[in-house]
Amino acid sequence: MPEAPPAARPAQRTRYLADITPLRRSADFRRLWVGNTLSWVGQQMTALAVSLQVYAITGSTFSVGLVGLCSLVPLIAAGLYGGAVADTVDRRTLGLASSSGATLLSVALAVAALLDLRQVWLLYTVVALQSVCFAMNSPARSAMIPKLLAPEQLPAANALTSLTTNLGLMGGPMLGGAVVGLWGFQAAYLIDVVSFAFALYAMWRLPSMRPEQSDGRPGQGRASVRGGLRFLVTRPNLRITFLADLAAMVLAQPRALFPAIAGLWYGGDTKTVGLLVAAPAVGAVLGGLFSGWLGRIHRHGLAVLLSVAGWGAAVTVFGLSRNLWLGLLFLGLAGCADSISAVFRTTMLQAATPDDMRGRLQGVFIVVVAGGPRLGDFLAGSAADLASPSWAVVGGGLACLAAIAFIAVQWRDFARYDARSPQP
């Protein structure tokens, strides 16, 4: 076989590596992506630092668990209303205000740590307010993306965003643990403050981002949560993206069983639990790094069905395996499938939703993404207590596959969704 010309080899590689075209084409998106990447890592450092500080003050794992509850409840409660606000006001202004609020809250954490104020209620309060800021910021920021890029660049942009999310989830806690160990809690909080400066600068450089109606006119009046939910109920393609994600995250979420699985299946310890927790994130990161081919897929509905089915199949095989490395491999494949599903679901949500509805549907997206896995943890833990961890994992994976098969048969037009003519 003749050897490929040297110039062709880099082009061939870039077909499979993450497509950075959105970063090259749009300076606004580039600044927003860099700012979000840095601030997200800082937020994950802060999340770990708060948990460590609560444990240092109380010595109670229950008190540490309450940190997650203080974060989750406001996030779900404020998610829908954050989306409605994003469809009412200038999204740039909302992004600046919510990012500024989050920055001030990190400053408050740093000051409290420097003054050695050992008040757990203060940490809980700040965590809850940070979730409110995130619930206001995320719908506004996500709704901006379709106005910064051409429609064909949305899959690549969402793949880059997914890569940022998973890298932050992996690297943020590791950096946070190192920083706290070397310089104390206040150092992690101060780094978070500095990281927010980049996000604020990116938001400040954006043009006005007022919601627009389908005819291009500015949105009028107050956007209601009920109106957004009514729109979602009557739009099958968008509705099914949420149903598909719930099928994966509620029915086939094995995360809560990892401590039991590590000992019962593999005879391991906490290090084994860490490997099990990290495996899906590693798979998701690899999926993001090699996401260049996603932009060439037009049948986004079919891609969602196949990737969610891939998650269910990988979880099922994981439940049947008793070799640690084989189990880690299939957890990694599950994480990769989930990252692909997230790219196409987010792209459909952005492309097929009118601009004056994007904030509210992004708010629903936050609620589903935040609440689904927690409900899945409860379901998996209950099933394991009633039967066994093996039955819970395998049964959950098979239930996910059955749910996706039902969706594919019941709503056949979803599999025919074409990104070149997006229909909600």
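Modeller: Helices are DSSP runs of H or I with at least four residues, strands are runs of E with at least two, and both are numbered from the N terminus. This is a predicted model, in which local features need pLDDT of at least 70 and side-chain atom pairs count only at pLDDT 80 or more, while totals for chains, interfaces and linings use all residues. Residues are numbered from 1 along each chain as its sequence is written, and side-chain values use heavy atoms, with hydrogens and water left out.

Biologist: Let's start with Ala244: does Ala244 count as buried or exposed?

Modeller: Ala244 is part of helix H10, residues 236-251. Buried means under 20% relative accessible area, exposed over 50%, and partly exposed in between, with a 1.4 Å probe and protein chains only. Ala244 has 0% relative accessibility, so it counts as buried.

Biologist: Which residues are in contact with Ala244, leaving aside its neighbours within four places in sequence?

Modeller: Contact means heavy atoms within 4.5 Å. Leaving aside neighbours within four places in sequence, the contacts of Ala244 are Val304, Val308, Ile404 and Ile407.

Biologist: Which residues touch the most other members in the largest nonpolar core?

Modeller: A nonpolar core is a set of buried Ala, Val, Leu, Ile, Met, Phe, Trp, Tyr and Cys residues joined through side-chain atoms within 4.5 Å. The largest one has 58 residues, and those touching the most other members are Ile261, Leu276, Trp311, Phe318 and Ile404.

Biologist: What is the relative accessible area of Leu276?

Modeller: Leu276 sits in helix H12, residues 270-289. Apart from residues up to four places away in sequence, it touches Phe258, Ile261, Ala262, Tyr266, Phe318, Leu324, Leu328 and Leu331. Leu276 is buried, and its relative accessible area is 0%.

Biologist: How far apart in space are Leu276 and Pro259, C-alpha to C-alpha?

Modeller: Along the sequence, Leu276 and Pro259 are 17 residues apart. In space, C-alpha to C-alpha, the distance between Leu276 and Pro259 is 8.9 Å.

Biologist: Now the helix pairs: at about what angle do H5 and H6 pack?

Modeller: Axes are lines fitted to C-alpha atoms, for helices over the stretch in contact, and angles run from 0 to 180 degrees between N-to-C directions. The axes of H5 (residues 91-114) and H6 (residues 120-148) are 8 Å apart. The angle between H5 and H6 is about 155°.

Biologist: Why are H5 and H6 described as they are, and what is the term?

Modeller: Angles under 35 degrees count as roughly parallel, over 145 as roughly antiparallel, 65 to 115 as roughly perpendicular and the rest as oblique. H5 and H6 are therefore roughly antiparallel.

Biologist: Is the crossing of H5 and H6 left-handed or right-handed?

Modeller: A crossing is left-handed if the near helix is turned anticlockwise from the far one by less than a right angle, and right-handed if clockwise. The crossing of H5 and H6 is left-handed.

Biologist: In which loop does Asp116 lie?

Modeller: Asp116 is not a glycine, although it has a positive phi of about 55°. With 53% relative accessibility, Asp116 counts as exposed. Asp116 belongs to the loop between H5 and H6.

Biologist: And Leu114, is it buried or exposed?

Modeller: Leu114 is a residue of helix H5. Its relative accessible area is 55%, so Leu114 is exposed.

Biologist: How does H7 lie relative to H8?

Modeller: H7 (residues 154-183) and H8 (residues 185-204) have axes 6 Å apart and pack at an angle of about 130°. That makes the relation of H7 to H8 oblique.

Biologist: How many charged residues does the contact of H4 with H15 have?

Modeller: H4 (residues 61-86) and H15 (residues 355-386) pack at about 165° with their axes 6 Å apart, which means that H4 is roughly antiparallel to H15. Ala, Val, Leu, Ile, Met, Phe, Trp, Tyr, Cys and Pro count as nonpolar, Asp, Glu, Lys and Arg as charged, and the others, Gly among them, as polar. Among the residues that meet are Leu72, Leu75 and Ile76 in H4, and Gly359, Arg360 and Arg374 in H15. The contact has ten nonpolar residues and five polar ones, and its charged residues number two.
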